[in-house]
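Dear colleague,

I am passing on the structure below, followed by my notes on what was found in it. Please read them alongside the coordinates.

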Amino acid sequence: MAEKTARELTRQVVVGNVPIGGGAPVVVQSMLSTSTLDVEGSLAQITALADAGCELVRVAIPSREALEDFGHICRRSSLPVIADVHFDHRLAVEAVALGAAKLRINPGNIGAWDKVDAIIDAAGAGGVPIRIGVNAGSLSASFVERSDLSQPEKLAGSALEYVAHFESRGFCDMVLSAKAHDVRTTVEAHRLLARELPHIPLHIGVTEAGTFLQGTVKSAAGLGVLLLEGIGDTLRISLTADPTEEVRVAWELLAACGLRRRSPELISCPTCGRCQVDLIALAEEVEVQLRLIRKPVSVAVMGCVVNGPGEARYADVGVAFGGGKAALFSKGEIIATVDESQVVEALLREIERL
Ligand code: SF4
């Protein structure tokens, strides 16, 4: 029998109605970029995120003023809402009463242990899980000066110290993260956590990863390694972009790692001098249409007869161009020859039929 992955060994935590860990599918989450004081704008963004496939949403509570609006958002949100609180422990305590499905805190910036304990006790009484989110930029004071430790060791060590404290208070409903903007540090820190605390579900992410292109590449490099090693129970792709892009990238990454698929897989060639159609525009149009489809099919869009027929035959549905026309394949067989202008429609019709 195959050895269990780290993901299957973690204790399951339930956030609202969404299970994290214990072998559950890796959960996609994101964070609102709207002001929490803008309730309607925040709810509109939650709807857009849910449509894109987001399963949990995090909302910042930057001030006492935002608490009431946070409560309104929780009550009307279609997704379980995670309260993101820094510095003021009282905001986290009150967020539990206002409907937070989970808290995200960094004990290092909450301050004294009695303040952290007030949060632990409120979450425990309310049955609300806590993510302990350790960041390279805000490590626990006892680890900052340790020159004998590498940065991943500091991150993991800091997280271990917090987990020991939470467990000593009888609180076990935890998710852990140890993020850095550096890919190698993030990977090593999470590997250490998976080894040292195999029972705790891990929230993985490369933090402050940058704008769309750089952030996507950094996240795919770091989180891809972890996911393929069986590490990571939930993830957030951190992008300086619309948060729905984070969700789109998260799903692409999960699909690329063979873990979860939400829309069809597009196989398209990079084009070259043999290609006689505008394949880039065509593939982009197909990609946009495929986002609306919820079937786990593969779709090939290929520019010529060199690799085209092979890939198109191998996919569930495909087209291969040649001589100004495209051969339409379905399940390995040519079923029609279509004009370039009709390719997208023909592909969609065939996908619908499968
Ligand atoms: Fe070039 Fe044809 Fe290969 Fe596309 S399938 S990259 S057009 S050789």
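In helix H4, which spans residues 89–98, the buried residues are His 89, Leu 91, Ala 92, Ala 95 and Val 96; buried here means under 20% relative accessible area, exposed over 50%, and partly exposed in between, with a 1.4 Å probe and protein chains only. Seen down the axis of H4, these residues fall within an arc of 155°, so they line one face of the helix, the arc being that of the directions from the helix axis to the C-beta atoms. They pack against H3, E5, strand E6 (102–105), helix H5 (107–110) and helix H6 (113–126), where contact means heavy atoms within 4.5 Å. Helices (H or I, at least four residues) and strands (E, at least two) are DSSP runs, numbered from the N terminus.

As to provenance, this is a predicted model, in which local features need pLDDT of at least 70 and side-chain atom pairs count only at pLDDT 80 or more, while totals for chains, interfaces and linings use all residues. Residues are numbered from 1 along each chain as its sequence is written, and side-chain values use heavy atoms, with hydrogens and water left out.

The loop between helix H3 (67–76) and strand E5 (81–84) holds Ser 77, which counts as buried because its relative accessibility is 16%.

The domain assignment, which is automatic or from a database, gives domain 1 (6–256) and domain 2 (265–353), with 39 Å between their centres, taken over C-alpha atoms.

Helix H14 (residues 343–353) has Val 343, Val 344, Ala 346, Leu 347, Glu 350 and Ile 351 buried. Seen down its axis, the buried residues of H14 fall within an arc of 165°, so they line one face of the helix, whereas the face turned away carries the exposed residues Arg 349, Glu 352 and Arg 353. Among the elements that cover the buried residues of H14 are helix H12 (279–290) and strand E12 (298–302).

Best regards
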